[in-house]
Amino acid sequence: MVSLLDILFPPICLNCRTYLNGLEEKENLLCDICFTGIKVYSNIFRPDPRFNLIALGSYETSALRELLHYFKYNGFLAARAPLEKLMMRWLSTNSSLVSHFLPPRSLLVPIPLHRSRLRARGFNQAELIAEVLSQLFQLPVEKALLERTRDTKPQIGMKNAKEREENVKNSITVRERPGWPQHQNVILVDDVYTSGSTMKEAMRALRRSGAKNISAFVIAKT
Ligand SMILES: [Zn+2]
C-alpha cells in the first residue's frame with residue numbers, strides 16, 4: 001500500500017539519493033547499486049600483534065558510512081536488515097576464517113557507553129551489533145562486563161594518537177565478577193574502528209582481569 005507520506009516524501013537512497021522501490025527501502029535503505037557496491041573485506045587485520053580485528057568493510061565506503069550514521073542517530077530497527085545482510089555477505093566470503101577467529105566458546109563484549117551518553121542516545125549501538133552477532137554465531141553476549149567510568153570527549157577531530165590515548169586512558173574498567181573473564185575468548189564489539197585507542201583501553205582492562213584471547217569485531221574500519 002502506498003501511503004500519503006510516501007507520495008509526499010518518497011523514500012530515497014541514503015547514499016545517492018535516487019528513489020527507492022519498496023523492497024530496497026524495506027531491506028537495504030540503499031538502492032541496489034549502492035548496496036551491492038559495498039565491498040566486504042576478505043582478510044583479518046592485526047593492528048597490534050596481540051589481537052585480530054574483523055571489520056566488515058571500509059568506513060571510506062560512503063554507502064556503508066551512511067548506513068552506520070543512520071543506525072547511530074535514527075535507531076537500530078530499520079538499519080538492522082541491511083547490517084545483517086552485510087554480516088552474511090562477510091560470512092560467505094570468509095567462511096574458512098570464521099571458526100578460527102570466532103571460536104565457539106567466545107564471549108561477545110560490546111564497548112560500553114558512558115551512562116550520560118547512553119541516556120542521551122537511548123541505546124548503545126555496540127550492544128545491538130553484539131546481539132545480531134550473538135544470534136548469527138550462537139555466542140553469548142556479556143553486556144555488563146565492561147563499564148565506562150569516565151565520559152570522554154569524542155575521538156573524532158583528534159588528529160593525533162597520543163591525544164586520543166590520553167583522552168580514553170583509564171576510562172574503561174571490568175566490573176568485579178569472580179571468575180570472569182578468565183579462560184574466556186573475548187570478542188570486543190563496536191560499530192567503527194578508528195585509531196583503536198578505545199578498543200586498546202578495553203583490552204587493557206580485560207587483560208588485567210585475566211582474559212586470555214581477545215579479538216575485535218567492527219562494522220567498519222577507517
Ligand atoms: Zn544509491
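**Close-up views around strand β7**

**View 1. Asp 190 stands opposite Val 218 in β7.** The chain crosses from β6 through helix α10 (residues 197-208) to β7, and this β-α-β crossover is right-handed, meaning that with the strands pointing away from the viewer, the path from the first strand over the helix to the second runs clockwise. Strand β6 (residues 185-193) runs parallel to β7, and the two share eight bridges; strands count as paired if DSSP finds at least two bridges between them. This is a predicted model: local features need pLDDT of at least 70, side-chain atom pairs count only at pLDDT 80 or more, and totals for chains, interfaces and linings use all residues. Residues are numbered from 1 along each chain as its sequence is written.

**View 2. Gly 57 has Ala 220 in β7 as its bridge partner.** Here β7 pairs with strand β2 (residues 51-58), again in the parallel sense, over five bridges.

**View 3. Strand β7 (residues 213-221) is mostly covered.** Eight of its nine residues are buried, that is, 20 or more other C-beta atoms, placed from the backbone, lie within 10 Å of their own. For the protein, buried residues make up 34% of the 222 residues.

View 4. Along its principal axes, the C-alpha trace spans about 55 × 40 × 30 Å.

Conventions:
Buried ≥ 20, exposed ≤ 12 C-beta atoms within 10 Å, placed from the backbone. Helix = DSSP H or I, 4+ residues; strand = E, 2+ residues; numbered from the N terminus.
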